[in-house]
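Trainee: Please put the sequence and the structure up, and then let us go through them with questions.

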There are 2 protein chains.
Amino acid sequence: MTGRDGGADIAPIGNSPVVILVRPQLADNIGACARAMANGGLFHLRLVAPRDGWPQEKAWRNSSGADRILDEVTLFASVTESVADLHHVFATCPRPRHVIKPVLTARGAAAELHEICARDLRAGVLFGPERAGLDNDDMAAADALVRFPLNPAFMSLNLAQAVMVLAYEWWTAIDDTPPRLLMTNETSIATKAELENFLVHLVDQLDACGFLRNLPKRPGMVRNIRHFFQRGEVTVQELRTLHGIVTELAIGRRQMGRLEESAPLD
Amino acid sequence: MTGRDGGADIAPIGNSPVVILVRPQLADNIGACARAMANGGLFHLRLVAPRDGWPQEKAWRNSSGADRILDEVTLFASVTESVADLHHVFATCPRPRHVIKPVLTARGAAAELHEICARDLRAGVLFGPERAGLDNDDMAAADALVRFPLNPAFMSLNLAQAVMVLAYEWWTAIDDTPPRLLMTNETSIATKAELENFLVHLVDQLDACGFLRNLPKRPGMVRNIRHFFQRGEVTVQELRTLHGIVTELAIGRRQMGRLEESAPLD
């Protein structure tokens, strides 16, 4: 998708959870995580013992402009230190075993993170290293685990994709965009009277051209045409275009008729 | 997250929508898209005029084992040809302008795609090239647009991230994992009687050691302890551990007491 935006406007939005990458291996991925965080309105990024040290220029190159998130990264030597000032910690974990712990879906985690942040408490989410994921001690530091519902036949989830899903759920948890909306831009949805006005115009012209000349079938044909145009919302602009189409086709036909009349018959 | 799974088990799951990458630029991204599709249970991938041709080995290297999806890619010269056998087409578009078209959220699109597929119709979703996104003609080929609710201050969404969000919504639309669940593994959640049994043991030992010797304060202290242990679900295994801790601490104290008693006082 298009990447025309710079990241100049990125800033913390209210009290939002900290993303904590534990022993991340690839700077590319750290950059991609920052980008995903920016997409979902997260800002605070902490790194625990990144394999190749920090800062790494590659991260900035792969963040597509989410520079401010990387500029403000804080670095820790251990998970314990990275969560010391937080009140709640969640740990992402694709398939927890032999652990007694609440397990949240990504959507459930996002909802709880909003509740925690709304109470002015500080929350963080741990993401494990690319290859092995979080270890058992990391998970013991968390209040709850987060397991994304995904295809059990293919659980290999890229680190930045995991951050993306969480950031996306964080954003959508308080987004109220309707699931379907007709975008009309400069125009508006036509009223039934405006649509009726067009249908009368259309049927008039269809009568004039003989399309409806079979009188026993005419009522059914008119109803079928009406059904088609009633199926979805039609805009005022589209009705204007449809009026124009019918008028022009009718004029074309009449001119053709005049041409035929004036043409020599032999 | 961990990537221990191979992709040997990847296969189409029922009637699922086709992902159509329109003029994709980077083979790396095509591989990452295949991986994201596998995560979300999507299988059918079509490419329209990929910039660097097809096949590209880089795609397989970056798919983390989602090889079967790449092996079965079909290639088209135009969007029109790529959607010819489909009944419904959605087009992802971060910020549609001057278009009169229904706009769906990712979640709304996933719900509608399930409805379409359940009717045995074939659906597809168009994703535009990395830099520019879909053009106006591409969008005119679609029934509806899909716009992910994301941070308007940072809309630059990586192609594979966009596919990930859609695949994730496709999967979760029919997933019924509860948002929060206590994972107990081999053990089970203790009943109130089992918890009471432990609390009686604890209070007995606290009486014995003198922790509750302030009789006016004793009822309140006991209640506070009860409140703490009632706060969340406790498992049978955790109760066994807690019984053990109390017993061992008590034994340690008694032994210490005996040692003190037997130790010379001067």
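Trainee: What is the relative accessible area of Asp175(B)?

Mentor: This is a predicted model, in which local features need pLDDT of at least 70 and side-chain atom pairs count only at pLDDT 80 or more, while totals for chains, interfaces and linings use all residues. Residues are numbered from 1 along each chain as its sequence is written, chains are lettered from A and ligands numbered from 1 in the order in which they are written, and side-chain values use heavy atoms, with hydrogens and water left out. Asp175(B) lies in the loop between helix H7 (159-172) and strand S8 (180-183) of chain B, where helices (H or I, at least four residues) and strands (E, at least two) are DSSP runs numbered from the N terminus. Buried means under 20% relative accessible area, exposed over 50% and partly exposed in between (1.4 Å probe, protein chains only), and Asp175(B) is partly exposed at 27%.

Trainee: Which side chain does the side chain of Asp175(B) make a polar contact with?

Mentor: A polar contact is a pair of N or O atoms within 3.5 Å; within protein, one must be able to donate a hydrogen and the other to accept it, and residues adjacent in sequence count only if both atoms are side-chain atoms. At 2.7 Å, the partner of Asp175(B) is Thr177(B).

Trainee: How far apart are the end C-alpha atoms of helix H7 of chain A?

Mentor: The expected span of a helix is 1.5 Å times one less than its number of residues. With 14 residues (159-172), H7 of chain A should therefore span 20 Å, and this agrees with the distance between its end C-alpha atoms, 20 Å.

Trainee: How many residues of H7(A) are buried?

Mentor: At the start of H7(A), a side-chain oxygen of Asn158(A) comes to within 2.9 Å of the backbone nitrogen of Ala160(A). The helix is mostly covered, and its count of buried residues is 14 of 14.

Trainee: Which residue meets Glu169(A) in a salt bridge?

Mentor: A salt bridge is a side-chain nitrogen of Lys or Arg within 4 Å of a carboxyl oxygen of Asp or Glu. Glu169(A) is buried, at 2% relative accessible area. Its partner, at 2.9 Å from N to O, is Arg107(A).

Trainee: How many residues apart in sequence are the parts that this pair, Arg107(A) and Glu169(A), ties together?

Mentor: Arg107(A) is partly exposed, at 31% relative accessibility. Arg107(A) lies in helix H5 (residues 106-118) of chain A and Glu169(A) in H7 of chain A, so the separation in residues is 62.

Trainee: How many residues apart in sequence are the parts tied together by Arg23(A) and Asp135(A)?

Mentor: The side chains of Arg23(A) and Asp135(A) form a salt bridge of 3.5 Å, N to O. Arg23(A) is in the loop between strand S1 (18-22) and helix H1 (27-39) of chain A, and Asp135(A) is in the loop between strand S6 (123-127) and helix H6 (136-140) of chain A, so the separation in residues is 112.

Trainee: Which helix of chain B holds both Glu57(B) and Arg61(B)?

Mentor: Their side chains meet in a salt bridge of 3.4 Å, N to O, and both residues are exposed. They are four residues apart, about one turn of the helix, and that helix is H2 (residues 57-61).

Trainee: Which residue of chain A is joined to Pro55(A) by a cis peptide bond?

Mentor: Most peptide bonds are trans. Pro55(A) sits in the loop between strand S2 (45-48) and helix H2 (57-61) of chain A. With omega about 0°, the residue joined to Pro55(A) is Trp54(A).

Trainee: What is the phi of Asp120(A), about?

Mentor: Asp120(A) is exposed, with a relative accessible area of 63%. Although Asp120(A) is not a glycine, its phi is positive, about 60°.

Trainee: About how much space lies in the second largest pocket?

Mentor: On a 1 Å grid over the protein atoms alone, a cavity is a set of points where a 1.4 Å probe fits but cannot get out, and a pocket is an open set with protein on both sides within 12 Å along at least five of seven lines; lining residues have an atom within 4 Å of a point. Grid points are joined across faces, edges and corners, and a volume is the space filled by probe spheres set on the points. For the second largest pocket that volume is about 770 Å³.

Trainee: Which residue of chain B is among those closest to the centre of that pocket?

Mentor: The second largest pocket is lined by 21 residues. Those closest to its centre are Arg180(A), Arg231(A), Gly232(A), Glu233(A) and, from chain B, Pro102(B).
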